[in-house]
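The terms come first, then the elements themselves.

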Amino acid sequence: MNNELYINRELSWLEFNKRVLDEAENKENPLMERIKFLSIFCSNFDEFFNVRVGSLRDMVNAGYIKEDPAGLNPKHQLKAISIKAQELSSELYRLYRSEILPELEKNNIHFLSLADLTEEDKKYLHKYFNEMVFPILTPHAVDCSRPFPHLQDKTLNMGVFLKKDTPDAERFFATVQIPSILPRMVFLPAKNKVYRIFMLEDLISMHIKNLFLGHIVISVNSYRIIRNADLTIEEEEAEDLLREIENSIKQRKWGQAVKLEVRNNAEEDLCSYLTKELDIHQRDVYYQNGPLNLSFLMDLYNLPGFDSIKDPKFIPLNKEIFKGRNIFSVIKEQDVLLHHPYDSFNPVLDFINQAAKDPKVLAIKQTLYRVSGNSPVIKSLINAAENGKQVTVLVELKARFDEEKNIIWARRLEKAGCHVIYGLVGLKTHSKITLILRKEGNSIKRYVHLSTGNYNDITAKLYTDIGLFTSNERFGQDASKIFNMLSGYSEIENLEKIILAPMFFRKAIEKLIFREMENAKKGKKAEIIIKINSLVDPGIIELLYQASQKGVQIYLIVRGVCSLKPGIPDISDNIKVKSIVGRFLEHSRIFWFYNDGDEKYFLSSADLMTRNLDRRVETFFPVLEKELKKELWEILQGNIKDNVKGKIMLSDGTYVKDNSGSEKFSIQNYLMDKKKKELK
Amino acid sequence: MNKKNNALFSVITIGSHSIKMIIAEASDEKDFKVIEKTNYPINLGRESFSKGVISVPMVLEICSILNKLKKLLTEYHISNYDVIATSAIREAKNRLFIIDKIMITTGLHVRILTNAEERYLTFKSIRKNYFLLEDFATTSSLFLDLGSGSISVSIYSKNKLTFSQNLNMGSLRLYEETSELEEQSTSYPLLLEEFTSSNIDRIIDFGPHKRILRFFIFGNNAHFVASICKPERIYPKLSYVSRDVFLEHYEKVKYMSTVEIMKKYHIDEEDIDLFFPSLIIVKGFLDLTISSGIYLTEVSLREGLMYSLLERKFNPEAQKADFDDILSSARHIAKRFKYDKEHSREVEKFSLDIFESIKDVHELGSREKLLLQLACILHDTGKFLSYEKHYKYSADIIQALDLVGISENDLKIVSACAKYHSHITPDDNSYLFDKMNENDKIISAKLIAIIRIADALDRSHKRKFENIEVEYTKKEFKITAYSSEDTTLEEWVFSKKATFFAEVFGVMPELIIKGLLNYE
C-alpha cells in the first residue's frame with residue numbers, strides 16, 4: 001500500500017488521547033467529569049508508554065528497521081511520538097494550571113503551596129509526616145559501593161543531591177521512593193467547607209532533612225519513570241521481529257526506562273544525572289509544569305458532596321423482559337440483546353447464577369478474560385461446581401496487566417472443582433462467550449451468551465457493550481464446537497452461525513465487503529456501517545479503499561486508533577470516519593451491511609486490528625431477529641447523528657467537531673433518557 | 001420424538017489419524033439427533049503402519065485426549081457409550097498394552113474392531129440411508145470405504161450384501177509403502193496408479209457382479225474427491241459427480257505439483273500425502289464399474305456404531321437386518337465353494353428348530369443364533385478341497401474368511417462348529433478350543449451339540465424329513481420327525497451323535513420317526 005494512505009497507529013492513538021484531553025478541556029462538561037477525563041488521559045498515557053513505546057524501543061534495540069505501512073521505521077516512529085507526546089504533555093499542564101485549578105478553587109478545592117501554609121497547618125503536617133510517612137520511607141544513597149537502584153515502574157520518587165556536613169565533602173545523589181499506598185493528596189483540616197490540599201511530594205520535600213541527618217541537602221525534586229512493561233513481545237509485531245531478536249546478540253533490556261518525568265523547575269544537574277543513570281534520551285524527558293502524574297485527581301471525583309459538578313447519576317436499568325421470570329424461559333422464547341451500561345449487567349450475572357442453582361443445568365462453559373476483583377461471576381461458577389455442575393472455564397492469563405490477578409482466581413476455581421483451561425498456545429482468547437447446557441424433559445437445550453465486552457460487572461457500568469442471549473440451536477452447536485476446540489477436545493469443525501477468528505473472521509469480513517462492491521458495480525445501493533474501537537489492519541483498510549472507489553458508501557465509527565484516511569479524492573471519497581469519546585467508553589462493535597436490501601447485522605468481540613483478525617480467538621456473530629436489528633439500527637444511526645461528542649476525522653488524521661445537524665444530539669444521553677422513559 | 005424414552009448416547013472412535021466423538025440424543029433406534037461432534041487429529045496410523053508399534057508419547061496423548069472426552073461424557077451424564085479402535089491400534093504390535101494403559105489411565109474400555117466388524121457397522125449406516133434410494137433394490141452398487149489404513153469394497157446387489165472384502169491398502173498405508181517411489185521418481189502419480197490397479201484387478205475377480213451401476217464412496221479420505229471437483233448435493237447425505245467431470249480433474253491433478261495442489265484445493269500439509277493415493281484408489285474402482293459417476297456418501301463408522309448402540313438400548317430385534325446381510329454374504333461365499341445349498345438349508349432349519357425350542361436350556365441369544373446359522377451355511381465348505389476330513393478344511397476356510405460383522409472370536413466359534421460338527425468330540429485342549437475363553441468354549445459346545453444332531457437329520461443329503469417337532473421337558477428331549485422315506489441311516493447316525501448333546505445339555509435326545517403314509 002502507498003505509505004501516504006496509512007496513518008501510523010501510534011500517532012493515531014495519540015490523536016485519540018488528545019480527544020480524551022479535549023473532553024477535559026470541554027467547558028460543557030461538568031468540572032468533575034473534566035477532571036476524570038484528565039485523569040484517564042494520564043493513565044492512558046502511562047499504558048501507552050509501557051506497552052507501545054516499550055515495544056518500539058525493543059525493536060530499535062534489536063536493530064529492527066522494518067517500516068510500518070505508513071513508511072515509518074521504529075526509530076522514526078519513536079521520534080514522531082515524542083514530538084506529539086511532548087506537545088500533549090504541555091497542553092495537559094497548561095489546562096491543569098490555567099483552567100482546572102482556578103475552577104477547582106471556585107468550588108472550594110484549593111491546592112496549597114508551602115507559602116500558603118499557616119503555622120497551624122505546618123504543625124498538622126509535621127505530625128502527619130512523622131506518624132504516617134516517615135516510618136515507611138527508605139532513602140537510598142548512590143555511591144561507588146551502592147549502585148543506582150532499580151526504581152519501580154510508574155512510582156513517584158524524590159531525587160536528592162546532598163553532601164556530608166564536612167568542609168570538603170563531595171556532592172552525591174540519593175533517591176527516595178514514595179510508597180504508592182500513601183495518598184498523593186494530604187487533606188488539611190477543612191476551614192469553612194473549603195478543602196485544602198497539600199501534595200505528598202511537597203510534604204516530603206519539606207521534611208527531607210529528617211531523612212538525611214548529618215548531611216546538607218543541596219536540592220530535592222520529584223521525578224518519575226515509565227518503564228518498558230511489555231515483557232512479552234507484542235504479538236501484533238510480526239514474527240520476524242521475534243527471530244530478529246533471537247538472532248541478535250544484543251540482549252533485550254528488560255524493563256528499560258522509556259520516559260522520565262521531572263518538574264519543569266528541576267535543576268539541570270538532576271536531569272543530566274538521571275538521563276545518564278537510566279540511559280534515556282533527552283527527547284524522552286518530560287518537563288511538567290505541575291505535580292507529576294495527574295491521575296491522582298480521580299480521588300477528587302470521589303469526594304462527597306460535589307454532585308452539582310458531576311454528570312447526573314445514571315444507574316443501569318434492568319430490562320423489563322426479565323422481571324420476575326426464569327431467565328431460561330425468557331431466552332427460550334426469544335433472543336435478547338443487552339446494551340450496557342444502559343441495560344444492567346445483572347441478567348448476565350443471573351444467567352450464570354441461576355444456572356449454578358438450577359437442577360436442570362448440566363454444564364456451564366465460559367471464557368473469562370478480564371473480570372472484576374471480587375467478581376460475582378467467579379462466585380457463581382464456584383457455586384455451580386460445588387453443586388455438581390460441570391464447569392469449564394477458559395482463563396486467559398495473557399490479559400495484559402491482569403496476569404497476577406487472573407492466576408489467583410483461576411486457582412480458586414480449580415479448587416472448587418472447575419475445569420480450568422489456560423488458553424491456547426500462541427492464541428489469546430479474546431472472545432466472550434458463555435454456554436449453558438440444560439436438560440429439559442429428556443432432551444438437551446443449549447443457552448448461549450455472546451458479547452462484545454468482558455464478563456466484568458464493574459466495567460459494564462462504564463463501557464458500552466452489547467451482549468446477545470440466544471437459545472438458537474445453531475448458536476448452541478457452534479458454541480459447543482468452540483469450547484471443544486478451546487478445551488483441546490477437537491479441531492474446529494464447520495460452524496454455522498458464529499464466525500471465529502483467527503480461522504474464519506478475515507475471510508468473512510472480506511466476503512461481506514466484496515459483496516457490497518459487487519452490488520455497487522451493478523449500480524445497486526451498497527452501504528457499510530462499522531462501529532469499532534480500532535481500525536489498523538492494512539488488508540482491511542486497502543479493501544475499504546477499493547470498496548469506496550467502487551462506490552460503496554462507508555461510515556466508520558472508530559473510537560480509538562484509525563489508520564485509514566477518509567475523504568481522499570479518488571481513494572476514499574465515500575468513506576467517513578467518526579469518533580465518539582463520551583462519558584461511557586465506547587466499546588461495542590457493530591457491523592452492518594446493506595447487502596442489496598437483505599441487511600446483515602453482526603456483533604464482534606474483535607476490532608479490525610491484525611492481531612484480532614489473525615492471532616486471537618474472537619467471535620463475530622450475526623443478530624438475526626428483526627426486533628433486535630431495529631435496536632442495533634437505532635444505535636448506529638444515533639452514533640452517526642451524534643454532534644455533541646462526535647468528532648469527524650479529516651484526511652490528515654486530525655479530528656474536528658461534528659457540526660452537522662441542527663439539533664444537538666448525543667447518543668449516550670439519548671439512550672440513557674430512553675431507558676429511563678421505558679422504565680416509567 | 002417420544003421424549004419419555006429419550007436418552008443420550010456417545011461413540012468415541014480411535015482411528016488412524018484422528019480421535020472422534022459423537023454425542024447424540026435419541027428416543028428409538030431409527031434415528032438420532034447429533035448434539036456434539038468432535039474431531040482431534042492424531043497420526044496414529046503413521047507410526048502403526050510403518051513401524052508396527054505406537055510409541056509411548058503417542059499412547060499418552062491418546063490417554064490425555066480420552067480423558068478430556070470423558071469430561072464430556074460426565075457433562076452430559078452419558079452411560080450409553082462405546083469406545084472403539086480401528087486399524088491403527090488393531091495393527092500395532094503393542095495393542096494389548098495400549099488398551100491396558102488406556103484402561104488404567106482413563107477407566108475407558110476400548111474395544112478393537114476387526115475389519116469385518118468395522119464394515120458391518122458401516123453397513124448399518126448405509127442401510128439406514130440408501131435403501132431408500134430408488135432402484136437400489138433392483139441394481140448392483142459398489143461401496144468403497146476409503147480409510148487411511150485399509151479400504152473395504154462391498155457390493156450390494158438387489159438390496160443384499162453379496163460381496164465384501166477388506167484390503168490393506170488405505171491411502172496412508174499406500175503412501176507409507178510407496179513413499180520411496182515418490183522420492184525416486186518424478187512421475188509418482190503414474191507409478192502409484194499402476195501399483196494400485198495391479199492390486200485392485202485381482203480382487204474384483206471374486207466379485208460376482210460385473211455390471212455395477214452405482215459407485216458409492218465414503219470414509220475418511222473420500223473428501224479429496226469433493227475437493228477437486230465440487231460434487232452436487234442430491235440428497236441430504238449424498239452428493240454426486242459425473243465420471244467425466246471427475247476424470248477431467250483427475251487427469252489435471254496428476255500433473256500438478258504438491259504445492260500447487262495444496263494451494264488450489266486448500267489441502268493441509270498433513271493431508272497432502274493422502275491426496276494422490278486416495279484419488280487413485282477411487283479412480284481404480286470407478287474403472288471397475290459402469291457407474292455414470294461417483295456418489296459421495298456421508299455414512300460413517302461412527303454413525304453405524306451409534307445405530308448399534310441405539311439398537312442395543314431400544315430394540316435388540318432390529319439387528320435382524322444386519323444379520324440378513326451377514327448371512328447373505330456368507331451364502332455367497334459358500335457358493336464359491338460349491339456347497340450343497342439344499343443340505344445347508346435343511347441343517348439350518350433343523351438347527352434353528354432345536355435352538356428355539358430349548359432356549360431356556362442353552363440361554364443363548366440372537367448373536368449366538370447367528371453364529372449357528374453361519375456354521376450351518378459354511379460347515380461343508382471344506383468338501384471343496386477334499387471329502388476326506390472335510391470338517392477340518394471347513395474350519396480352516398472359515399478361519400480365513402473376512403466375514404462382515406463377525407469378530408475374530410466369533411469366527412473361532414463358527415469355525416469350531418464346522419470342525420466338530422461331524423464326530424470328533426472336543427475338549428479344552430482341542431484345536432480352536434485352546435484359544436478360546438471359557439465362555440466361548442461353552443457357547444461352542446452348545447452350538448456343536450445342536451448342529452451335530454441337525455446335520456444327522458439330513459445325513460443322506462436327501463431331505464427326508466418334511467419337518468420336525470421338538471419337545472423338551474426336564475427329563476426328556478424328543479424330536480419328532482415326519483418322513484415318508486426310509487430313515488434308517490438317519491436314525492442310526494442320530495443315535496451315535498446324540499451322546500455329545502447329552503454331555504452338553506444333560507438330556508439324551510430321542511428321535512421319533514413318524515411316517516406320513518403308514519400309520520404306526
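## Terms and numbering

Two strands pair if DSSP finds at least two bridges between them. Helices (H or I, at least four residues) and strands (E, at least two) are DSSP runs, numbered from the N terminus.

The model is predicted: local features need pLDDT of at least 70 and side-chain atom pairs count only at pLDDT 80 or more, while totals for chains, interfaces and linings use all residues. Residues are numbered from 1 along each chain as its sequence is written, and chains are lettered from A and ligands numbered from 1 in the order in which they are written.

In β26(A), Ile648(A) is the bridge partner of Lys578(A). The strands concerned are β21 (residues 575-580) and β26 (residues 646-649) of chain A, which pair in the antiparallel sense over three bridges.

β26(A) is also joined by three bridges to β27 (residues 655-657) of chain A, and these two run antiparallel. Here Met649(A) has Tyr655(A) in β27(A) as its bridge partner. Five residues lie between the strands of this hairpin, and Gly653(A) takes a positive phi near 95°.

## The six-stranded sheet

Six strands of chain A form an open sheet with mixed pairing, in the order β2-β4-β3-β7-β8-β9. β2 (139-142) and β9 (285-288) of chain A stand at the edges with a single partner strand each, so one side of each is left without a neighbour in the sheet. From one strand to the next, the twist averages 30° (axes are lines fitted to C-alpha atoms, for helices over the stretch in contact, and angles run from 0 to 180 degrees between N-to-C directions).

Within the sheet, β3 (residues 156-164) and β4 (residues 171-178) of chain A pair in the antiparallel sense over eight bridges. Lys163(A) stands opposite Arg171(A) in β4(A).
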